[in-house]
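Dear colleague,

Please find the structure below for your records. My notes on its findings follow.

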Amino acid sequence: MSVKAKYQAVLDLGQKLAIKNGDVSEDAGVLKIKGEANTPYEKNVIWDKIKEIGGQSPSDIKANITVSDDSVYHRHTVQSGESLSKIAKHYYGDAMKYNKIFEANTNILKNPDLIHPDQVLVIPNL
């Protein structure tokens, strides 16, 4: 199996996340990838996928992923059935950090218990 085939799931994820200025090459058994993620969260998702496939310190891949907007951690589009605590659990691993998301979005939210599908929320850097 080629190293590119091994990491195909990473390349597919990059396409799904619409990573910009992407470049992929293979040199002496090392896959070299670069690109620009929209947010730090998307960069982390790419790195998590790399580690899932190659382990904590893979030697057969080199990735240079930059971020175009590091002023926020991510921008999240609310889906039906979500709550701020569920969103906080997803991004921060802690549902109790919902208030950080609420505080970052007081321009569109008046009550932390009232969010609507299709609202785009700022997920702040902690």
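A polar contact is a pair of N or O atoms within 3.5 Å; within protein, one must be able to donate a hydrogen and the other to accept it, and residues adjacent in sequence count only if both atoms are side-chain atoms. The model is a predicted one, in which local features need pLDDT of at least 70 and side-chain atom pairs pLDDT 80 or more, while totals for chains, interfaces and linings use all residues. Numbering starts from 1 along each chain as its sequence is written, and side-chain values use heavy atoms, with hydrogens and water left out.

His 76 belongs to strand 4 (residues 74-77), strands being DSSP runs of E of at least two residues and helices runs of H or I of at least four, numbered from the N terminus. The His 76 side chain forms a polar contact of 2.8 Å with the side chain of Glu 82. His 76 is buried, at a relative accessible area of 10% (buried means under 20%, with a 1.4 Å probe and protein chains only).

Glu 42, in helix 3 (residues 40-54), is also buried, yet has no salt bridge (a side-chain nitrogen of Lys or Arg within 4 Å of a carboxyl oxygen of Asp or Glu). Lys 20, the nearest side chain of opposite charge, is 6.5 Å away from Glu 42 (Lys and Arg count as positive, Asp and Glu as negative; His and the chain ends are not counted). A polar atom of the Glu 42 side chain does lie 3.1 Å from the backbone nitrogen of Asn 38.

Yours sincerely

Terms used
Buried < 20%, exposed > 50% of the residue type's maximum accessible area, 1.4 Å probe, protein only.
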